[in-house]
Structures are given as structure tokens and as C-alpha cells.
Amino acid sequence: MTTHTFPDVPADQMPALLRGMPKAELHIHIEGSLEPELIFALAQRNGVSLPYASVEDLRRAYAFTNLQTFLDIYYAGASVLLKEQDFYDMAWAYLERAAADHVVRTEMFFDPQTHTERGVAMQTVIDGLHRACVDAKARLGIDAELILCFLRHLSEEDAFATLEQALPFRDKFIGVGLDSSEVGHPPEKFARVFARCRELGLHLVAHAGEEGPPAYVWSALDVLKVERIDHGVQSTKDPALMKRLAQDRIPLTVCPLSNLKLCVFPDLAQHNLRDLLDAGLVATVNSDDPAYFGGYMNENFVQTFAATGLTVQHAWQLAANSFEGSFADAAAKRRYMDQLGDYFSRVGVR
Ligand code: ADE
Ligand code: ZN
């Protein structure tokens, strides 16, 4: 991919540049885009009772100290999703927000086990989400794809059963991922199911090195054979791993506001995104669970740049990385890069 050198842009002009920049989102849990207002509306529509008195009461509970304290509330929030239209409404709300942030492509994670274990049919989940993706292309001009995630706190046998249930809808998702409680659930627990997914031609990704050690990133690469690492911020602790990630151009889908809210870094100024980029890694910026962590894509970009002093050069690199790291075909990647080049010319920094 070509590299460019850009003139400096005054700090007060960076937010506008970042907001208008075309970008891809590669790490968004669609259930994590469920805003409290929609949780309450769906609870009422479906007659589900919530252990919170109001939207404000629920928002007050969003004070997390680590990944698990978040997951407990995130799974409770998802309990209001029952019908195909609920999944559609959730995804559509996110896709409208993403399009407003100049996201031109998004690869959305979904957690089917969170729903099937409550008696919701796999088809209900996938049909609702996929219908929103199709409409997004037509009405918002955004390319949207789905990635099915296995919950790593459950067994590999459960993951196999989930894969079986999803295979009739194989044409509606492009890959599989691994999420939920990381520490104590290393990637190798899912070696066989990922091998099967690989045989099926699915793209492979996994959360690793969010809270867990660099060893989990190594095993996601070497045992699961994933194409991208979700988070991966703990990799800076292992120089040999950093070299491997740079050499093999393994994308890292970094989520700065998530890392801040889940106390992975004490403040944004200490986030290691700049170290990852400066080491030549294909790092990207993503929102993870925007309804819970205080910001969609543009908030992640603007707040991280303000806190860490990243430059216009980094902005271009992050957008280019998001397209390179996506699972789009070569023609679409070229189209996205042309859009990026046009944008930088238009705003006068090329
Ligand atoms: N599920 C939703 N968000 C997650 C995260 N940040 N880490 C692991 N599992 C998740
Ligand atoms: Zn995540």
C-alpha cells in the first residue's frame, strides 16, 4: 500500500478532519450498540421486566472496573431481544450512527448464544441482523457484514452446536470470532471448532490480549490461525510478538474508549495505540460496545487523538489500516482507498 507524507494540521482542525474521514469499523458487538432508551422500549414492547427503574438508573450502573463487570450488565441488556424485528431495529440504529460517522464498511459481531440460550431461534437472530445489513447498503450506502462470535466462557461443545445451528444461514455471515470473559479461557480451548470453521472457508478472528497475556495472542495466531486479533493491546509487553504481528501484517482492532472504561489503561493519554502504529502494526480504531463505553467511531478517534497527540499522518494510517484489515475484496478495498485519497485532497492535506 502506498504511503503519503502530510503537512501538519492545527490541533483545533483535527476533530473535523477525523469526523469526515472515510473509515471501516472492524470491532463492534452489535449487542453492545443497544442504547438504554432502546433497551427500555424493547422491554416494554416484549413485556420483559428489567431490574432497573429507568434509563437513568440503568446508565448509572455503567461504572465498570474490568471486563467481567461490564459483561454481566451487557448480557442483562440483551435479554430484551426476542423477535426478528428487535434484532433489525438494534442493527439499524447502529448502522445509521455508523453512516453518520463516515463509516463506509462495518463488520459486525453478534453473540448468538446469548439469544439461543433464552429460547430465541438462530434464524430469528440472523435474519433480523442480515435484513438490516441489506437495507444499509441500499439506503445508507454502507457495506455491512456479520461475524458470528462464540462465547469463550462456554464449552467448545456448545460452540460446535452453535456452528451447526448457524450453518443453514452460512451465506449471511462471513466469519467467526471469539469473545466474552478472556482470562482463564485461552484460545486453544476452541482449537477444533476453529479448525472446522477454517475448513468451511469462514474468516477467523479472536479477542486476545485485551486483559489476557501475550501468550493468548500467540495461541490465537498459531493454534486458531486467526487473520485478525481483536484488541491485542497487551502485545506491547512481548517484543517477539510485536515483531511477528508487524511482519505478518496481522491487523489489531483496538478499542480505545472500551479500554478506558474497562480500566485496561488508567487514562487515554496512556493508551498504547501510538506505540502500536509506530512499531508498524496494522492497528485500527473501533468502538467495541459504543452504547456502554461512551462513544461511537468518531468519539473514539477524536478523544484518542486529543489525549495522545496523534497526527494527521496517523489518521491516514488508521483509516488505510481499517480498509487493509477488512475482509472486503480487492476491488472494494481499492474503492475505499480512493475515497480516502479523495477526502484528503478535498480537505487540502494532500
Ligand atoms: N463482548 C462484548 N464486548 C466484549 C469485549 N470488549 N471483550 C470481550 N467480549 C466482549
Ligand atoms: Zn470486543
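Which residues touch the most other members of the largest nonpolar core? They are M108, F150, F194, I229, Y292 and F344, in a core of 114 residues. A nonpolar core is a set of buried Ala, Val, Leu, Ile, Met, Phe, Trp, Tyr and Cys residues joined through side-chain atoms within 4.5 Å. Buried means under 20% relative accessible area, exposed over 50%, and partly exposed in between (1.4 Å probe, protein chains only). Helix α5 (residues 84–100) gives this core its largest share, 8 residues. A second, separate core has 6 residues, including F109, C149, I174 and V205.

The model is predicted: local features need pLDDT of at least 70, side-chain atom pairs count only at pLDDT 80 or more, and totals for chains, interfaces and linings use all residues. Residues are numbered from 1 along each chain as its sequence is written, chains are lettered from A and ligands numbered from 1 in the order in which they are written, and side-chain values use heavy atoms, with hydrogens and water left out.

Strands of a sheet pair through backbone hydrogen bonds, either parallel or antiparallel. Here, 8 strands form an open sheet in the order β1-β2-β3-β4-β5-β6-β7-β8, with parallel pairing. The edge strands are β1 (23–29) and β8 (283–285), each pairing on one side only. From one strand to the next, the twist averages 25 degrees. Helices (H or I, at least four residues) and strands (E, at least two) are DSSP runs, numbered from the N terminus. Two strands pair if DSSP finds at least two bridges between them.

Strand β1 runs parallel to β2 (residues 103–110), and 5 bridges join them. K23 has V103 of β2 as its bridge partner. Strand β3 (residues 143–151) is likewise parallel to β4, through 5 bridges. Here I147 is partnered by G175 of β4. Strand β4 (residues 175–179) is mostly covered, with 5 of its 5 residues buried.

Helix α16 (residues 312–324) lies across β1, β2 and β8. It runs at about 100 degrees to β8. Axes are lines fitted to C-alpha atoms, for helices over the stretch in contact, and angles run from 0 to 180 degrees between N-to-C directions. Contact means heavy atoms within 4.5 Å.

Helix α5 packs against α7 (residues 122–140) at about 35 degrees, with the axes 8 Å apart. The crossing is right-handed. A crossing is right-handed if the near helix is turned clockwise from the far one by less than a right angle, and left-handed if anticlockwise. Among the α5 residues in this contact are F87, Y88 and W92, and the α7 side includes V125, L129 and R131. The contact residues divide into 13 nonpolar, 3 polar and 6 charged. Ala, Val, Leu, Ile, Met, Phe, Trp, Tyr, Cys and Pro count as nonpolar, Asp, Glu, Lys and Arg as charged, and the others, Gly among them, as polar.

Helices α10 (residues 214–222) and α11 (residues 239–247) cross at roughly 35 degrees, and their axes come within 10 Å. This crossing is left-handed. P214, V217, W218, L221 and D222 of α10 meet A240, L241, R244 and L245 of α11. These residues comprise 7 nonpolar, no polar and 2 charged. Leaving aside neighbours within four places in sequence, I229 is in contact with residues including V217, L221 and L245.
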